[in-house]
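Subject: Structure for your review

Dear colleague,

I am handing over the structure below, and my notes on what was found in it follow directly after. Please read them with the model open beside you.

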Amino acid sequence: MKYLYDIWIIAKREFKILIANRIYGFCMILFPLLVLVFFTTILDEGVPEELPVGVVDLDGSSTSRGLIRRLDAFQGSRVVARYPSVAEARRAMQENEIYGFLYIPRGTADALLASRQPKVSYYYSMASVTSGSLVMKDLKTISTLGSAAVGQATMRARGFTPQQIQTFLQPVRIDLHQIANPWSNYNVYLSTVFVPGVMMLFMFLISAYSLGMELKFSRGKEWIAKADGNILVAILGKFIPQAVVFALLIAFYEYYIYGVLRFPHEGGWGMIVLLAVLQVLASIGFGIFAFGLLPSLRMSMSVCSLWAVLSFSLAGSAFPVMGMDSPIQALTWLFPLRHYYMLYQITVFNGYPLIDAWFHFAGLVAFTIMPWPVLRKIKNAMLTYVYIP
Amino acid sequence: MSIFRDFYKALLDACYIWREEMRQAFRDEGVLIFFIIVPLVYPLLYSWVYNNEVVREVPVVVVDQSHSQASRSFIRMCDASPDVRVSCYASDLDDAQSLVSRQVVKGIYLIPSDFAERLNRMEQATVSVYCDMSLILTYKAIYQTAMAVSQEMGTQMQKRLSGKYTAREEMITTRPLRVDEVPIFNPGGGYGSSILPVVLMLILQQTLVLGIGLAAGTARERNRYGDLVPVHPCYDGVGRIVGGKALCYIMIFAVMGAYLSVAVPRLFSFPQLAAPSDLLLMMTPYLLASVFFGMTVSCLVRYRENVMLLVVFISLPLLFMTGVSWPQSNIPGYWQGVSWLFPSTFGARAFVRLNSMGASLSDVLPELRYMWIQTACYFGVACLVYGHQLRITRRHMHERLDYLRKKRQVRSQLKQVSEGGHLHK
């Protein structure tokens with residue numbers, strides 16, 4: 001009972017600190033919400049549409065104009081300019097006006113009609129992988145269609161039925177099922193990792209920061225005294241208010257993306273809540289551990305920020321972990337965001353059973369209890385260390 | 001002559017401030033981490049992470065219900081492709097799904113039982129592809145391989161059906177129009193080569209801002225009144241303070257900038273098409289803009305650690321606003337407006353186009369112009385905020401001086417009074 005009372009006293013003290021120092025309000029509410037708004041608005045389109053592309057049409061025939069019209073009609077591309085030569089189109093790419101262009105050489109229509117197999121080319125830039133592969137997809141489709149149109153015309157003239165024509169042109173059809181994200185929506189795919197990642201970054205930093213500030217303003221002794229020298233009580237009292245604020249923040253985020261934006265969540269709300277709780281506990285655990293390891297405000301915060309920034313890459317959501325070198329693959333285990341992402345995509349996004357993600361579940365639990373071995377060191381630091389600017 | 005003497009004095013003062021700043025940068029371990037260690041180590045780490053550039057041999061599971069020569073040839077061709085590896089066979093879709101769930105494979109190819117039958121009956125046959133959509137790159141590998149193989153099989157069917165005599169005729173029937181796809185920049189389509197130039201530029205700006213902010217925070221905390229500008233005869237004038245400090249940061253980051261923009265791409269053989277002189281002309285305004293941006297931000301910081309809370313989290317939004325992860329043409333206008341505040345937006349764009357796309361300086365002229373405008377603006381703002389800080393310092397100094405004078409006055413008055421008392425006695 002006494003422990004509970006001590007925790008309550010320290011929690012009240014912590015709430016006062018959180019309100020008094022404005023930086024907490026900024027980092028625990030305002031900045032994470034700003035990032036949430038940033039990612040969900042910038043990726044609102046889902047799939048980039050109407051990417052600017054160009055054409056170099058030296059043929060000028062009705063066939064080439066038809067190709068260009070069809071390219072323009074695609075959702076993904078918009079023909080913004082025609083260039084008189086390949087050199088000028090390339091220059092336009094280097095000036096960032098277009099992402100790719102279709103080159104139709106002189107005499108294409110003639111050669112096509114005379115069965116001399118003409119060649120058209122499309123040039124695109126992979127300097128940005130996203131826009132490059134999208135433009136490539138459209139340009140590729142249009143050229144395949146161009147080829148098919150010729151075959152279609154010939155066969156129709158010979159009196160084949162539409163079904164026969166289709167079978168001949170495409171004997172094997174691919175029936176694609178994009179599980180859980182049938183729109184291949186980039187918002188679903190990026191916002192669900194980067195926004196929680198930024199929230200974890202703030203949880204790391206704020207945990208280390210709030211411990212360090214006790215040292216900096218020499219309130220550490222008073223804090224430990226309030227817990228009657230019991231460091232576990234002191235830590236619990238201090239971090240329960242923070243965990244509650246962060247949990248509310250995450251609850252709002254979950255409500256916004258699943259409730260308002262209707263992101264897919266096959267796993268249901270039970271898993272979403274479990275994941276949110278684990279996310280908060282593991283991140284705070286990591287922050288406390290970092291401070292316990294290096295009980296100095298600036299060192300622990302540097303470690304936390306460097307770790308958090310790296311975790312965006314090592315979570316393996318953009319570039320898969322299986323494509324990385326094996327030492328790096330092993331390193332990803334040390335990043336809470338990696339376990340969060342895996343747990344999210346297995347249990348919430350795809351709705352598979354939790355047992356298939358047990359390793360990552362255990363990983364997040366391990367981060368939660370990670371401060372255990374350094375608790376004594378934190379107490380020692382609070383009682384004896386002096387802050388040096 | 002006095003103008004020259006004043007100028008010489010200002011120069012000496014700026015040099016003194018430069019020396020103080022240099023000394024502090026190398027003595028303060030927090031600053032040292034962000035000025036030296038992070039710019040040196042992070043690029044290597046990131047380069048290592050994205051070293052393999054592309055994902056090859058994505059594991060898939062095959063559910064072959066057709067058990068025919070045609071289905072086996074489909075599977076063999078998929079397995080032979082560079083991007084996909086057939087790692088398992090499953091007897092039905094549920095089995096296959098449980099393999100996806102356990103992260104053994106990333107996708108499923110389902111070949112229905114009537115696959116060969118339909119092909120031989122000259123009806124359209126279907127192969128179902130199920131993709132785990134949690135990773136776009138593996139989804140693309142699985143889907144595009146299936147597409148390519150189905151087209152190749154289709155071509156073979158067409159050749160058999162068309163009944164032409166020569167190979168040339170067959171080629172023309174199946175592909176009346178030849179298509180050449182040319183990825184002209186970053187032809188390997190590597191993820192690392194695409195994103196790392198931007199990351200390198202961001203590291204430069206972010207470490208500069210963090211380092212300058214930490215240095216400013218330390219300066220404040222060392223000061224008795226929490227002022228940014230110390231009381232010292234050399235710190236007398238905005239120009240020499242901003243100039244002296246900027247000189248120190250520019251000297252450190254001229255080295256780091258060269259390392260990030262020239263050495264790292266060479267070490268990891270990322271695209272490096274820019275001419276050295278072009279790179280120099282582009283990096284100079286970027287470095288200057290970043291330094292003055294950092295100095296402006298550093299005046300906002302009350303405690304030294306707060307700068308980390310302010311600066312670290314914007315790295316990721318900044319990466320998106322450069323237009324490498326999400327096409328620049330599709331970024332909403334208001335975020336484009338916000339992105340103009342940060343030097344990294346233009347620095348990264350100019351660097352990518354010069355170095356990865358072989359553009360000339362005239363192609364990146366708008367970006368260069370914006371960076372020079374930013375340099376001028378942030379220099380002006382840095383002068384303004386440092387002027388404000390200087391005024392605060394002077395006010396504190398005068399208050400202290402007044403206090404000391406009054407103290408002395410009161411003391412002497414007290415002395416007089418007590419001496420007077422003695423006399424009266």
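Domain bounds, as used here, come from an automatic or database domain assignment. For chain A that assignment gives domain 1 (2-44 + 183-384) and domain 2 (51-169), and the C-alpha centres of these two domains of chain A lie 49 Å apart.

Please keep in mind that this is a predicted model, in which local features need pLDDT of at least 70 and side-chain atom pairs count only at pLDDT 80 or more, while totals for chains, interfaces and linings use all residues. Residues are numbered from 1 along each chain as its sequence is written, and chains are lettered from A and ligands numbered from 1 in the order in which they are written.

The contact between the chains (two residues are in contact if their C-beta atoms, placed from the backbone, lie within 7 Å) takes 93 residues from chain A and 90 residues from chain B. On the side of chain B that touches chain A, the largest share, 13 residues, comes from helix H6 (residues 136-162) of chain B, where helices (H or I, at least four residues) and strands (E, at least two) are DSSP runs numbered from the N terminus. That side of chain B divides into 52 nonpolar, 24 polar and 14 charged residues, with Ala, Val, Leu, Ile, Met, Phe, Trp, Tyr, Cys and Pro counted as nonpolar, Asp, Glu, Lys and Arg as charged, and the others, Gly among them, as polar.

Strands of the two chains also pair, which requires that DSSP finds at least two bridges between them. Strand E4 (residues 119-125) of chain A runs parallel to strand E5 (residues 178-185) of chain B and is joined to it by seven bridges, with B:Phe185 as the bridge partner of A:Ser125. An open sheet of five strands has the order E5(A)-E4(B)-E3(B)-E1(B)-E2(B), with mixed pairing; strand E5 (172-179) of chain A and strand E2 (84-89) of chain B stand at its edges, each with a single partner strand, so one side of each is left without a neighbour in the sheet. Between E5(A) and strand E4 (residues 125-132) of chain B the pairing is parallel over eight bridges, and A:His177 stands opposite B:Tyr130 in E4(B).

Within chain A, residues A:Gly287, A:Ala290 and A:Phe291 in H11(A) meet A:Ser300, A:Val303 and A:Cys304 in H12(A); by class, this contact has four nonpolar, two polar and no charged residues.

Best regards
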